[in-house]
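Here is a quick tour for anyone opening this one for the first time. Have a look at the sequence and the fold, then read on.

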Amino acid sequence: MNQPVHCPAKIEINEVAPRDGLQIEAQFVPTEAKIRWIDALSTTGLRRIEATSFTSPKAIPNLRDAAEVVTAIQRRDGVDITVLVPNVKGTERALACQVDEINLVMSASNSHGLANLRMTPEQSLAQFATILEVCQGSGVFINASLSTTFGCPFEGKVPETRVLSLVEQLIGLGIQGVTLCDTTGMANPAQVKQLCEAVLERWPATPFTLHFHNTRGMGLANALAAWQAGITRFDASLGGLGGCPFAPGASGNVCTEDLVHMFEEMGVDTGVDLDALLEVAANLPELIGHKVPGQVVKAGKSNRRYPMPAK
Ligand code: COA
Ligand code: ZN
């Protein structure tokens, strides 16, 4: 298949269902079940798993068992454990659990920053400067996720110049990787292509990850546009679970098994054993107590064949 020159032959996936997925669920998933689930996910070839968040248990009660989960899961070579962290207190809790990566979170827009974190983007940046000092010498990779990069449910469009300025400030502080998040599925492929090309051109040495929600059915199209611009790192969520509880109208992330299926069908190496991943995905409705949006687990892979109808 002929692809444009930028299109990478290989991508890597950060599985965010244990964090982005569970944070918005109506029911608490018992700690033991979370641990078994993350252990199963870590055998499927995923490069990274966002196992939980070290947030206020009042803000995100479903992840109040973060420390228990992270200390009990099996650690495997080649699978980094990352955790979402909003502030210094979360950083200290995460470092105590020997995580591989800390994924700091802030918003590109004021309103979502205040609704989600009670911090403006500027206050988050100030907090991150302290966090980087706290993490010095720890060897932990420090990533930052920029929520509402592609649009804010309160304010609408976030100017690209603002996003680029925030990315510049993050990198200037010493943040090692940046995730551009479409928190409520407002991005479109043309916008994604333009921003991805801009950041890759300006900061070629920085690992950029793209985080899409499928709220308006554009998740896979946006992932494809990002890949065509040269992006190799994606967040995705098993079953298509997910959403920010403090972003009205939020719904699930782009579905991991559907994303893997799409890229593998196109000949792009995801590193993931899709059959193994589909087995874990098949057990998801039982784990969380309801159906999930993922498509491939229901339809089967595109090589599924049916018998001809009887005459
Ligand atoms: N982990 C655990 N507890 C924390 C914490 C953390 N990272 N940060 C703050 N707390 C506790 C404080 O100790 C305090 O506890 P107390 O009431 O028992 O004294 C309480 O939370 C309030 O602390 P404060 O610093 O005033 O925080 P806040 O109420 O202004 O909330 C955040 C700010 C960032 C901690 C909170 O909004 C949060 O955790 N948000 C996460 C949102 C999220 O994960 N959204 C989805 C992902 S995008
Ligand atoms: Zn998200």
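## Parallel strands and a zinc site

Let's start in the sheet: strand β3 and strand β4 (residues 101-107) run parallel, with four bridges joining them. Keep in mind that this is a predicted model. To get from β3 to β4, the chain passes through helix α4 (residues 88-95), and this β-α-β crossover is right-handed.

Now look at the other neighbour. Strand β2 (residues 48-53) also runs parallel to β3, and five bridges hold the pair together. Here too there is a right-handed β-α-β unit, made of β2, helix α3 (residues 66-72) and β3.

So how covered is β3 itself? Strand β3 spans residues 80-85, and five of its six residues are buried.

| Strand pair | Bridges | Direction |
|---|---|---|
| β2 and β3 | five bridges | parallel |
| β3 and β4 | four bridges | parallel |

Next, the metal. Which residues coordinate the zinc ion (ligand 2)? They are Asp20 through OD, His211 through NE2 and His213 through NE2, at 2.0 to 2.1 Å. Along the chain, these donors follow the spacing D-x190-H-x1-H.

Technical notes: Residues are numbered from 1 along each chain as its sequence is written. Chains are lettered from A and ligands numbered from 1 in the order in which they are written. This is a predicted model: local features need pLDDT of at least 70, side-chain atom pairs count only at pLDDT 80 or more; totals for chains, interfaces and linings use all residues. Side-chain values use heavy atoms; hydrogens and water are left out. Buried means under 20% relative accessible area, exposed over 50%, partly exposed in between (1.4 Å probe, protein chains only). Helices (H or I, at least four residues) and strands (E, at least two) are DSSP runs, numbered from the N terminus. Two strands pair if DSSP finds at least two bridges between them. A crossover is right-handed if, with the strands pointing away from the viewer, the path from the first strand over the helix to the second runs clockwise. Donors are N, O and S atoms within 2.8 Å of the metal (3.2 Å for Na, K and Ca); water is not among the atoms, so sites may look incomplete.
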